[in-house]
Each structure stands twice: as C-alpha cells, then as structure tokens.
Amino acid sequence: MSIIRTPEPAQATGAWAEQYAGDLEALGYVPSHTRVMATNPQAHQAFEDLTGSVAQSIGLRLYELVTLAAAGAIGSQACRLAHGRRSRSLFDDAQLERIALDYHTAGLSDLEVAAMELAERVGGDSSAITERDTQRLRELGLDDRQIVDVVLAAAARNYYSRALHALAVEPDVPPDLPDSLREALLRGMHQPGR
C-alpha cells in the first residue's frame, strides 16, 4: 500500500476528480497509479502529453510493444498489467501471451523486435547503448524522429514505473484481464536486479 493518501472517487473534487474521470469512464474504476499520480496533476498531464506525442509518431502498436518491453525489463507489474490490458485492442490474447513470454517468437516484425530489445536496454545500462543499436532501427525503416520516440517511450516508462516502485504503489489487476494473460504478463518479466 502506498504511503500517499488519496481520496476515494466519490469524495474526489477539483483536480482529483478531473484526473479520476477518464479512468472511471474507460475502466469503471480508478487504478492505484492514477490515484497517486493525481497528487500532482500537472506532472501527470505532462507525462500523458509526452507519451501521446511519442505514440503519435511511432504508432500505438509500436508504442505499446516498447512500453511492455520497458516495463518488463524493470519488473513493473503495474505497467505490464495496465499496458497488457491496453494492448488487447491491438493483438488477440493468444499473441499477446506469446509477446509477454518471449516476443522474439511471437510473430512480430523485425522492427518491432529490435525496438523491444532497445527498450529493454534503456532500462538497464543505457550508457552502453551505441549508435549501432539505434542504427538498426534506421535500417528497419524508422526515421530520426521515430528513433528518438522509441527511446523516449522506453525512458518515459522507466520514469513512471520507477516512480510507482518508489512510492510503493500496489499494482492493480484489471478485472477484465484473462487469468492466462495476466500470468503471462507477469511471468515474462525480468526480475529487478538481474
């Protein structure tokens, strides 16, 4: 349980109510991460603006794949589960399970695999990433803006996930997430510190 005190949705007013409204409409509940991040609505909105601009450049499918890889690389259960749920609009559950367990054998394009590999590296020793690593994305068809945005998507996920870890935010299991998909999303993560 997080140390941050947050209002229940029925008691939320002002900026809290505004932050909660989108999740209530889309999900029917307010996840723990929204409750905590609503403590600073300006920072939360800045993060949403950043990820929205990145997804617009690289497309929602590649954005979600990069996000899943980045979250998995640092052991973020909250982000793996939330973005696993979001990715159900882009992939069927069987392929999403394969992606969660081993994206290398999940029928993805070479570009998608390369972007996910880079996203995992961003969460580790990002200073060891070289021009050769990003050149692979160019060879597979991304332009400079898109390469920057793949890296920003991974780095933004690291920022958000690490903030949730540091604030002891309990991960929510979306109620409409099938058990087999939930298990695959969590089993396919790297263990922090590995």
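Trainee: How do the axes of α5 and α10 cross?
Mentor: The axes of α5 and α10 cross at roughly 140° and come within 9 Å. Axes are lines fitted to C-alpha atoms, for helices over the stretch in contact, and angles run from 0 to 180 degrees between N-to-C directions. Helices (H or I, at least four residues) and strands (E, at least two) are DSSP runs, numbered from the N terminus. The model is predicted, so local features need pLDDT of at least 70 and side-chain atom pairs count only at pLDDT 80 or more, while totals for chains, interfaces and linings use all residues. Residues are numbered from 1 along each chain as its sequence is written, and side-chain values use heavy atoms, with hydrogens and water left out.

Trainee: Which word describes how α5 and α10 lie to each other?
Mentor: They are oblique to each other. Angles under 35 degrees count as roughly parallel, over 145 as roughly antiparallel, 65 to 115 as roughly perpendicular and the rest as oblique.

Trainee: Is the crossing of α5 and α10 left-handed or right-handed?
Mentor: α5 passes α10 in a right-handed crossing. A crossing is left-handed if the near helix is turned anticlockwise from the far one by less than a right angle, and right-handed if clockwise.

Trainee: Which residues meet there?
Mentor: From α5 there are Gln77, Arg80, Leu81 and Gly84, and from α10 there are Arg182, Ala184, Leu185 and Leu186. Contact means heavy atoms within 4.5 Å. The contact of α5 with α10 has 4 nonpolar, 2 polar and 2 charged residues. Here Ala, Val, Leu, Ile, Met, Phe, Trp, Tyr, Cys and Pro count as nonpolar, Asp, Glu, Lys and Arg as charged, and the others, Gly among them, as polar.

Trainee: And α6 with α10, at what angle do they pack?
Mentor: The angle between α6 and α10 is about 20°, and their axes are 7 Å apart. α6 is therefore roughly parallel to α10. The crossing of α6 past α10 is left-handed. On the α6 side the contact is made by Asp93, Leu96, Glu97, Ala100 and Leu101, and on the α10 side by Ser180, Leu181, Ala184, Leu185 and Arg187. By class, the contact of α6 with α10 holds 6 nonpolar, 1 polar and 3 charged residues.

Trainee: Where is Leu68, and what does it touch?
Mentor: Leu68 sits in helix α4. Leaving aside neighbours within four places in sequence, Leu68 is in contact with Arg80, His83, Gly84, Ser87, Leu96 and Leu185.

Trainee: Why is Leu68 called buried?
Mentor: Leu68 is called buried because its relative accessible area is 2%. Buried means under 20% relative accessible area, exposed over 50%, partly exposed in between (1.4 Å probe, protein chains only).

Trainee: What about Ser87, buried or exposed?
Mentor: Ser87 counts as buried, at 0% relative accessibility. Its place is in the loop between α5 (77-86) and α6. Not counting residues up to four places away in sequence, Ser87 touches Glu64, Leu68 and Leu96.

Trainee: New topic. Which residues of the largest nonpolar core touch the most other members?
Mentor: They are Val66, Ile99, Leu108, Met116, Leu137, Val150 and Leu185, in a core of 36 residues. The elements that give two or more residues to this core are α3 (41-58), α4 (60-73), α6 (93-102), α7 (110-122), α9 (144-166) and α10 (179-187). α7 gives the most, with 8 residues. A nonpolar core is a set of buried Ala, Val, Leu, Ile, Met, Phe, Trp, Tyr and Cys residues joined through side-chain atoms within 4.5 Å.

Trainee: Why would such side chains be buried together?
Mentor: In soluble globular proteins, nonpolar side chains tend to be buried together.

Trainee: And α7, where does Glu112 come in?
Mentor: Glu112 lies in helix α7 and is buried, with a relative accessible area of 9%. Glu112 touches Arg61, Leu62 and Leu65, not counting residues up to four places away in sequence.
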